[in-house]
2 protein chains.
Amino acid sequence: MCELLGMSANVPTDIVFSFTGLMQRGGGTGPHRDGWGIAFYEGRGVRLFQDPRASIDSEVARLVQNYPIKSETVIGHIRQANVGKVCLSNTHPFVRELGGRYWTFAHNGQLADFHPEPGWYRPVGDTDSEAAFCDLLNRVRQAFPEPVPVEVLLPTLVRACDAYRQKGVFNCLLSDGDWLFTFCTSKLAWITRRAPFGPARLRDADLTVDFQAETTPDDVVTVIATEPLTDNEDWNLQQSGEWMLWWRGEIVDQGRV
Amino acid sequence: MCELLGMSANVPTDIVFSFTGLMQRGGGTGPHRDGWGIAFYEGRGVRLFQDPRASIDSEVARLVQNYPIKSETVIGHIRQANVGKVCLSNTHPFVRELGGRYWTFAHNGQLADFHPEPGWYRPVGDTDSEAAFCDLLNRVRQAFPEPVPVEVLLPTLVRACDAYRQKGVFNCLLSDGDWLFTFCTSKLAWITRRAPFGPARLRDADLTVDFQAETTPDDVVTVIATEPLTDNEDWNLQQSGEWMLWWRGEIVDQGRV
């Protein structure tokens with residue numbers, strides 16, 4: 001299994017603190033030694049850092065930890081391989097362009113007997129996760145040859161996720177850089193930090209940050225992770241079959257299949 | 001205008017030496033202050049490092065210089081903006097998936113009055129370069145709904161490049177990770193290094209490398225750049241209208257339109 005990390009914020013925010021916690025699980029406090037990746041949106045552009053190496057041994061992970069990239073939408077992942085060998089092309093998150101936006105996707109779980117029809121989007125690697133992402137994009141493209149607002153897309157996204165969960169475990173993060181969509185079948189936790197901000201202490205490393213010193217009173221920052229990353233805050237748990245649509249740190253739509 | 005950097009090699013090779021030379025031109029010895037990017041293929045995967053900042057001021061550029069990523073195919077670019085503002089989504093190289101491979105593209109030049117028909121691939125940013133890349137991919141997809149060998153593709157690639165050069169200056173590097181295609185309308189230089197290897201001295205920085213100490217006798221490494229990067233070697237110049245197809249460091253096909 002793998003671990004997911006997502007962020008949706010109303011102001012460009014760095015994710016160094018949460019990333020530091022997650023990276024410990026990549027071969028340190030956790031067994032996810034088979035690579036990691038993180039995508040930061042910057043306007044319509046996306047910066048993707050990936051490494052098939054364990055995050056605690058990764059030079060690129062050290063760069064990301066020491067270089068606070070600010071972003072409103074982030075999708076990260078550390079991998080413990082089940083389907084697909086350990087290599088760069090099997091490393092999440094995956095990125096594809098659809099309708100002139102970069103869509104980014106990361107998956108936690110495993111799909112059994114999953115063989116979607118080949119379409120326009122095709123996997124480069126051999127994971128079930130990338131196959132599901134390509135299938136989801138093919139469904140969107142088939143339903144909407146021209147770009148549509150996310151409210152119009154939502155039923156297609158939810159139906160696709162509902163189909164995948166019939167095949168196994170499917171927790172995912174998906175974004176076009178503007179909105180962030182989360183779907184849970186087993187494990188997904190989230191916390192929204194807003195004023196009054198307080199201190200947060202990582203579970204996986206000896207690190208505490210006082211968000212009050214780093215934020216303004218209007219900031220809204222949601223962090224989503226497979227397991228809560230801090231031990232002194234109350235995280236919410238997404239339920240099985242529950243999906244949420246995030247925009248600038250807030251839930252703008254949600255439901256359950 | 002911008003500067004291009006490409007590499008095709010028969011063995012995973014680091015491009016630190018050439019990259020160090022190119023980076024000096026990004027605000028140091030050259031005026032290309034409007035971002036830089038470099039894509040390294042690793043198997044079928046691709047690592048993309050980009051920064052809209054000048055390369056000489058870029059933390060990410062320093063990482064790439066200090067962290068010798070070995071690859072058989074590399075495409076790099078430093079930008080001096082003409083069309084499109086300075087931002088991440090306008091930073092070369094551009095990447096899209098086609099037929100289950102990541103295609104990577106970088107362009108030096110400028111196209112006037114260029115408004116291709118919108119197709120499946122759409123630009124995320126607003127450069128003429130990304131518009132040309134998307135148009136080229138749309139032509140390939142239209143001609144070949146299923147993946148075909150590069151020999152079959154070549155006439156489509158050459159015809160597309162010939163159409164773009166009618167609109168202005170179009171020097172480009174294009175790869176699917178296996179082959180590297182280069183097209184020249186004004187400036188493109190290349191050098192193939194093979195045994196017996198000798199020392200090479202950068203034009204733009206006080207740096208000499210003795211390739212003999214870093215290679216084996218069977219290595220074949222071609223470097224392609226807008227301007228020669230060293231001052232003690234004989235670089236070849238690609239002619240206007242000339243295209244070349246590279247594979248593992250060697251020219252496997254070439255022609256001129």
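This is a predicted model: local features need pLDDT of at least 70, side-chain atom pairs count only at pLDDT 80 or more; totals for chains, interfaces and linings use all residues.
**Entry 1: confidence**

For chain A the mean pLDDT is 92, and 100% of the residues reach 70 or more. For the model I noted an ipTM of 0.94 and a pTM of 0.95.

**Entry 2: the largest cavity**

I next asked how many cavities of 30 Å³ or more there are, and the count came to 5. The largest cavity has a volume of about 540 Å³, and 36 residues line it. Nearest its centre I found residues of both chains, namely A:Leu48, A:Val95, B:Leu48, B:Val95 and B:Tyr102. The elements that give two or more residues to this lining are strands S3 (45-51) and S5 (94-98) of chain A, together with S3 (45-51) and S5 (94-98) of chain B. S3(A) gives the most, with 6 residues. When I sorted the lining of the largest cavity by residue type, it divided into 21 nonpolar, 8 polar and 7 charged residues.

**Entry 3: the second largest cavity**

The second largest cavity holds about 60 Å³ of space. Its lining residues are in chain B and include B:Cys2, B:Arg79, B:Asn82, B:His92, B:His107 and B:Asp128. Strand S6 (101-111) and helix H3 (128-143) of chain B each supply at least two residues of this lining. Sorting the lining of the second largest cavity in the same way gave 3 nonpolar, 7 polar and 2 charged residues.

In chain A, H4 (residues 150-165) has 16 residues, which should span 22 Å at 1.5 Å a residue, and because its end C-alpha atoms are 21 Å apart, I wrote down that the two values agree. In chain B, H4 (residues 150-165) also has 16 residues, and it reaches 21 Å from its first C-alpha to its last, close to the 22 Å expected.

Which residues of H4(A) are buried? I listed A:Val150, A:Leu153, A:Leu154, A:Thr156, A:Leu157, A:Val158, A:Ala160, A:Cys161 and A:Tyr164. What covers these buried residues includes S6, H3 and the strands S7 (168-175), S8 (179-183), S14 (242-247) and S15 (250-256) of chain A. In H4(B) the buried residues include B:Val150, B:Leu157 and B:Tyr164, and the buried residues of H4(B) pack against S6, H3, S7, S8, S14 and S15 of chain B.

**Entry 4: helix H1 of chain A**

Helix H1 (residues 16-24) of chain A is mostly covered, with 7 of its 9 residues buried. The buried ones are A:Phe17, A:Ser18, A:Phe19, A:Thr20, A:Gly21, A:Leu22 and A:Met23.

**Entry 5: backbone exceptions**

I looked for exceptions here, because most residues other than glycine have a negative phi, and most peptide bonds are trans. The peptide bond from B:His92 to B:Pro93 is cis, with omega near -15°, and B:Pro93 is placed in the loop between strand S4 (70-78) and S5 of chain B.

Turning to phi, I found a value near 55° for A:Asp113, a residue in the loop between S6 (101-111) and H3 (128-143) of chain A. Is A:Asp113 buried or exposed? Its relative accessibility is 57%, and the cut-off for exposed is over 50%, so A:Asp113 counts as exposed. B:Arg248 has a phi near 50° and is placed in the loop between S14 and S15 of chain B; at 39% relative accessibility, B:Arg248 counts as partly exposed.

**Entry 6: A:Pro228**

Leaving aside neighbours within four places in sequence, A:Pro228 is in contact with A:Arg25, A:Ala189, A:Arg203 and A:Trp235. The C-alpha atoms of A:Pro228 and A:Leu188 are separated by 8.5 Å, although the two residues are 40 residues apart along the chain.

Methods. Residues are numbered from 1 along each chain as its sequence is written. Chains are lettered from A and ligands numbered from 1 in the order in which they are written. Side-chain values use heavy atoms; hydrogens and water are left out. On a 1 Å grid over the protein atoms alone, a cavity is a set of points where a 1.4 Å probe fits but cannot get out, and a pocket is an open set with protein on both sides within 12 Å along at least five of seven lines; lining residues have an atom within 4 Å of a point. Grid points are joined across faces, edges and corners, and a volume is the space filled by probe spheres set on the points. Helices (H or I, at least four residues) and strands (E, at least two) are DSSP runs, numbered from the N terminus. Ala, Val, Leu, Ile, Met, Phe, Trp, Tyr, Cys and Pro count as nonpolar, Asp, Glu, Lys and Arg as charged, and the others, Gly among them, as polar. The expected span of a helix is 1.5 Å times one less than its number of residues. Buried means under 20% relative accessible area, exposed over 50%, partly exposed in between (1.4 Å probe, protein chains only). Contact means heavy atoms within 4.5 Å. pLDDT is the predictor's confidence in each residue, from 0 to 100.
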